[in-house]
Amino acid sequence: RGAGARRAAAAAQGAMFGDGCCGCCPWAGASSKQLLPAVDGLLVTALQEDWFELQRSRDPKRTRKVYARLTPEAVALYEEPPFELPLDDQMESVKPVRSDGSKQRKRPLDVVWLSQVSKLLGRAKDSKTMRFATMRGEWWELHSEVPGLIPKWVQAVSERLSQFRQAARVSRRISPRMSLLSTPSASARSTSSKESDLKDFGKPQPRSCLQRLASLLPCGSQPESGFSQRVSATQSPYKGIREGGFTTLVNHQQLQEASDPDLQEAQAAHWSEQAVRFLKKCEKVPEDLRADFGLTVRFGVPDGLKRLIWSLAVGRALEPPAGRADVGELHSNLLMRAFGSAIPMEFQDPVPTFCQGIQGLEEAPPLRSVVKHLWLLTKEGETVLRRLLWCTQLTAHIEFCPFLPNLFLTLLLVFNEAEASLLVNQIIRRAQADPDEGSSSSPRIILSRQGMNKQAKMLVREGKKRPNAPEALAHLESLGIDVHAVAVELLQDGCAHALPFRALCRVVGSFFVEGSMVILRYALALLKIHTPVILECKTAEAAKEKLASLGCDLGEKPEAIDRLTKVAYSLVLKVTQMSRVSSYWGSSYVAPKRDYSPHIFCRPRLFEPRGNCPDEVWEALWSWVPPTCRILDPRLIYAPSLHGTSSRTLLEKCKSHKSEPMIFFLYTKWGDVIGGFSPQIWVRTSGYIKVTELQRPVEDAFVFRKLHGCPVEVFLWSGENEMLFQASEISGFAFGGDGAAIGLGKDLNRAQTQASASFRSPVLTADPLDDVETPTASEVDPQKKPAPGLPHEQSARSMSSATEKTGADFELVHLEVFALV
């Protein structure tokens, strides 16, 4: 083909074999006197050779003993060891000789060409079996009881496969027999990123009548490369990396311990090189290929392809050239909408986990109790997960979805924060765009308590039908267990609490394509697989203990995960329309709570300068701000460090916001923060302001304190008087009457606090070295509680004193006044 072709072949040969190449490659200009064993019976130097027990796809029930030789291009299998002769210049005249002296050529029983291998299993340290498989479904399995033999062979073969893949990347003009990538057709070379042009490259291949009938079955009964066969008639094993592609948010060591070494190889076998090249040029999967694409995703996606395939499964590519270039900008706008310009860098429990409102779950559980696999994330990754949950809570209306935190964690395996946010937002928007989610046969994602209630009832109804899981459900009912509650527990987090992480990844991948019905299938599959174990339980306690760890014994082996997948898609679900499920509550577990104080997850949008108030204090206080004011943003309008220490300046700054509410903070030298919320900002008054002339109700006012090391406590307007505040450049500022809850001197250097009748509040703070006691909220008002979201059992600090005083005067370290605009 000319000098260019020869240079490409030489480069590929160097990449494949390195400097120590044996020179046995006909396609790379090797000497014709050193031929492959399957061609002329002549032997080349073996990298490994040993005895094994062989099983192969041609006669899987037959086991025979073979002598295997690993050469640079193939694994040759002989019935007995071949006789080797030294290679010299007269090789053409030398024939291999048997041990009995005969001159008959020694032919191998079978040859496994490494260029055709799509899957190599047996990477575990204690493995005794090595398995080769090709894209056409052929396989060979070598077994040995010799300790350490299989791992040694697997390592040697893996190195050879890596060299083949590297060579294929260097040059695409390699002989089809030796390369991983066959020569592309003219249409493949001329393809563009347009969908119409892509179909010229990946024209759907015609399928026989039997193949079409098989595709209608739930379990698929599909060949390993269904999507790959539809894209291209020519199939070569995927040559790219199987592992890797992780973000810095994941603890790689922990993830490696939670992964089986054979899993990535097994999942990559279902994706051909042509299919991957086709998908890289797609902005989205064409509709006529989406069914085959979904069937192949069921078999799993290797980590090296998750970014490409999962984003397409959700709906749109993220990687160039067809991917979106504005992902970062979209996420920045979303963060601005949720938090303002001052984006928090730390988040404490509780964070939104979308579990609230039902009787069977805590109102605001810690994140670790909802996300079982949180240990896979680094500290930075956990912070990103918490920020994503808060951002979703503040920008989307989600009533109930404990699956969402686990979905975010799975995406952070290979996607950064902005990409994970975009993918989940696409799923949520598509689900909320459905005018009647309840009538959908497979809702994109369950976002409401009623949707979860209906899906659990569907699981119970379909599970009682044969041949799904009727025995397990009947036995649980005989023990007095509420099977509807069991169904809700399995479905609510996408089976995350019951599955190993890699099995959860398999569920999530199919969920991206097929929606929430995938979770129902895997939940039923768990019950069906563990029916014998459930039937052994004699008491309700034993059954509940088993149900709590239903799938933890599956492990990370590809065989176990494949078995779970096959069982899930072999289930016969006759009725899957949510509209045909009644809406009454199936159990008390999922029924809404009554007569309780819900935990309100909200926080303000802060902008620079944001002040010194900690984020957890803002979060605790914002739920006490009236809903009509929560839509407003707090803006720092006065701080002595920015505007000078002057009462006149403070009042002038407030004058430009005279119709807006305010929240203010006072900071002490011993670390306490006190302050208040007022429906009216500071204005000059003669005596106390008239509450009847306020534009907003005075009942919204409150004072608060955050003592060092203690939770936030809030004291609401009591209604015992009409003394909200007074402000003057001469007499200073007072908030609350019959004892000012908070007082400021006119020079703004000192402050006072007293027990106030306006809020039924105690002395809010005092120097720990003074003889002032600050009683807890319950001591002043037995009905008063700390602000939501912080531990109630923590009591406020009590100063060492025998007698209680009615007020305290202290030095003011810092003052901040925010207008809500």
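Here are a few friendly notes on this predicted model, going from the whole chain down to single residues.

1. **The chain overall.** The protein chain contains 30 helices and 18 strands. It runs to 821 residues, and 56% of them count as buried. Among contacts in the chain with a separation of 6 or more, 72% are between residues 24 or more positions apart.

2. **A pair of helices worth a look.** Start with helix α15 (residues 379-395) and helix α16 (residues 403-411), whose axes come within 10 Å and cross at roughly 135°. That angle makes α15 oblique to α16, because only angles over 145 degrees would count as roughly antiparallel. The crossing of α15 past α16 is right-handed.

3. Which residues of α15 and α16 meet? From α15 come L385, L388, L389 and T392, and from α16 come L404, P405, F408 and L409. Sorted by class, this contact has seven nonpolar residues, one polar residue and no charged ones.

4. **Helix α19 and its neighbours.** Helix α19 covers residues 470-478, and its buried residues are P470, A472, L473, H475 and L476. What do these buried residues pack against? Their partners are α18 (449-463), α20 (483-492), α22 (517-529), α23 (531-536) and α24 (540-548). After α19 comes G480, which has a positive phi, near 85°.

5. **Two cis peptide bonds.** Most residues other than glycine have a negative phi, and most peptide bonds are trans. The bond joining D349 and P350 is cis, with omega at about 0°, and P350 sits in the loop between α13 (327-339) and α14 (367-370). The bond from E608 to P609 is cis too, its omega being near -5°. The loop holding P609 runs between α25 (558-570) and α26 (615-622).

6. **Positive phi at C495.** C495 is not a glycine, yet its phi is positive, at about 65°. You will find C495 in the loop between α20 and α21 (501-514). Is C495 buried or exposed? Its relative accessibility is 0%, so C495 counts as buried.

7. **Positive phi at R760.** R760 is another residue that is not a glycine but has a positive phi, here about 50°. R760 belongs to the loop between β16 (750-754) and α30 (777-780). With a relative accessible area of 39%, R760 is partly exposed, whereas C495 is buried.

8. **H270, in a loop between helices.** H270 lies in the loop between α9 (263-268) and α10 (273-280). Why does H270 count as buried? Its relative accessibility is 6%, and buried means under 20%. How far is H270 from R298 in sequence and in space? The two are 28 residues apart in sequence and 10.0 Å apart in space, taken C-alpha to C-alpha.

Methods:
Residues numbered from 1 in each chain as written. Predicted model: local features only at pLDDT ≥ 70, side-chain atom pairs only at ≥ 80, totals over all residues. Heavy atoms only, no water. Axes fitted to C-alpha atoms, helices over the stretch in contact; angles between N-to-C directions. Helix = DSSP H or I, 4+ residues; strand = E, 2+ residues; numbered from the N terminus. Parallel < 35°, antiparallel > 145°, perpendicular 65-115°, else oblique. Left-handed = near helix turned anticlockwise from the far one by under 90°. Contact = heavy atoms within 4.5 Å. Nonpolar A, V, L, I, M, F, W, Y, C, P; charged D, E, K, R; others polar. Buried < 20%, exposed > 50% of the residue type's maximum accessible area, 1.4 Å probe, protein only.
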